[in-house]
Amino acid sequence: LPHFFDKIERILIFLKEDIKKIYSNSEIFDVFKNNKRLLYFLIKESFIEVDEKITEIITSKKFFIQARYPNYFLPEIKDFISFKIQKKIESQNRNLLNLNKNEKIDQSIFDEMRKIGENENHLCQLIRNDSINDFISHVNRSNISFASTIKPSIFESNSFLIKNNPTLIEYSAFFGSVQIFKYLYLNKVEIKPSIWQFA
C-alpha cells in the first residue's frame with residue numbers, strides 16, 4: 001500500500017504522549033516487536049529506549065536472531081554487547097552486504113536502508129516494481145535460476161517474508177507484480193499451494 005508506513009507513523013506521532021504515559025518501554029517494544037521497520041521509527045522518535053533488557057531479547061531469542069534483529073539494530077545495541085559479539089555481527093553484516101573483509105559499512109546508507117525496511121537486493125527491487133524488461137535482462141545476464149529463492153536481507157522487515165524464504169514467483173505474487181509473475185509462469189516455474197498465502 002502506498003505510504004503505508006508514513007500513515008502509521010503520523011498516527012503514532014499524534015498519540016506519542018499518551019502512548020508514553022500509559023505504556024512502559026518494554027510494553028511498547030512488545031507491541032511492535034514483530035516489525036523491525038516500526039521499531040526503528042519508534043527508537044528514532046524516542047518512544048523506546050534500547051536498554052539491556054531489549055538487547056538481551058533480540059540477541060538471544062531464536063525469532064529475533066533468524067530475522068537478523070541484532071544485525072539491523074547493531075548501532076543501538078553495541079553499548080550492551082561485548083566487543084567480540086559486536087565484531088561478529090559487523091562481519092555478518094559485511095557478508096550479507098557483499099562487502100570486503102576490511103570494508104566499512106556506510107552508516108548513512110545503512111540507516112536509509114533500515115528506514116525503507118525492504119530487501120535491498122537489486123533483483124527484489126525489480127520484482128517489487130514489476131520491471132519486466134529489466135528483470136529478464138538481469139536474470140539472463142546473472143544466470144539466475146527461475147526456481148531460486150530470494151536472498152535473505154538485514155533490512156527486510158516483513159515477518160511473513162522473513163519466515164517463509166520466498167521463491168521468485170512467490171515474491172512476485174506477494175507484491176502483485178503481474179508481469180513478472182506471468183513471465184515466470186509461462187517459463188514453467190513450479191507453483192506450489194503456498195502461492196495463495198503470498199498472493
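This is a predicted model: local features need pLDDT of at least 70, side-chain atom pairs count only at pLDDT 80 or more; totals for chains, interfaces and linings use all residues.
Does Arg37 count as buried or exposed, and at what relative accessibility?

1. Arg37 counts as buried, at 4% relative accessibility.

2. Arg37 pairs with Glu9 in a salt bridge, with an N to O distance of 2.6 Å. Glu9 lies in helix α1 and Arg37 in helix α4 (residues 36-44), so this pair ties together parts that are 28 residues apart in sequence. Glu9 is also buried, its relative accessible area being 13%.

3. The structure holds seven salt bridges. One of them joins Lys33 and Asp30, whose closest N and O atoms are 2.9 Å apart. Lys33 is partly exposed, with a relative accessible area of 27%, and Asp30 counts as partly exposed at 44% relative accessibility.

4. A salt bridge also forms between the side chains of Arg128 and Glu118 (3.2 Å, N to O). Arg128 sits in helix α11 (residues 122-128) and Glu118 in the loop between α10 (107-116) and α11, so the pair links distant parts of the chain, 10 residues apart. Arg128 is buried, with a relative accessible area of 17%, whereas Glu118 counts as partly exposed at 30% relative accessibility.

5. Lys44, Glu76, Asp111 and Arg114 are linked in a network of salt bridges.

6. Ile11, Phe14 and Leu15 make a nonpolar surface patch of about 340 Å². Ile11 belongs to helix α1 (residues 4-14). The relative accessible area of Ile11 is 52%, and the residue is therefore exposed, the cut-off being over 50%.

Notes: Residues are numbered from 1 along each chain as its sequence is written. Side-chain values use heavy atoms; hydrogens and water are left out. Patches are made of residues with over 30% relative accessible area and no salt bridge: like charges are joined within 9 Å, nonpolar side chains (Val, Leu, Ile, Met, Phe, Trp, Tyr) within 5 Å. Accessible areas come from the Shrake-Rupley method with a 1.4 Å probe; for residues, only the protein chains shown count as cover. A salt bridge is a side-chain nitrogen of Lys or Arg within 4 Å of a carboxyl oxygen of Asp or Glu. Helices (H or I, at least four residues) and strands (E, at least two) are DSSP runs, numbered from the N terminus. Buried means under 20% relative accessible area, exposed over 50%, partly exposed in between (1.4 Å probe, protein chains only).
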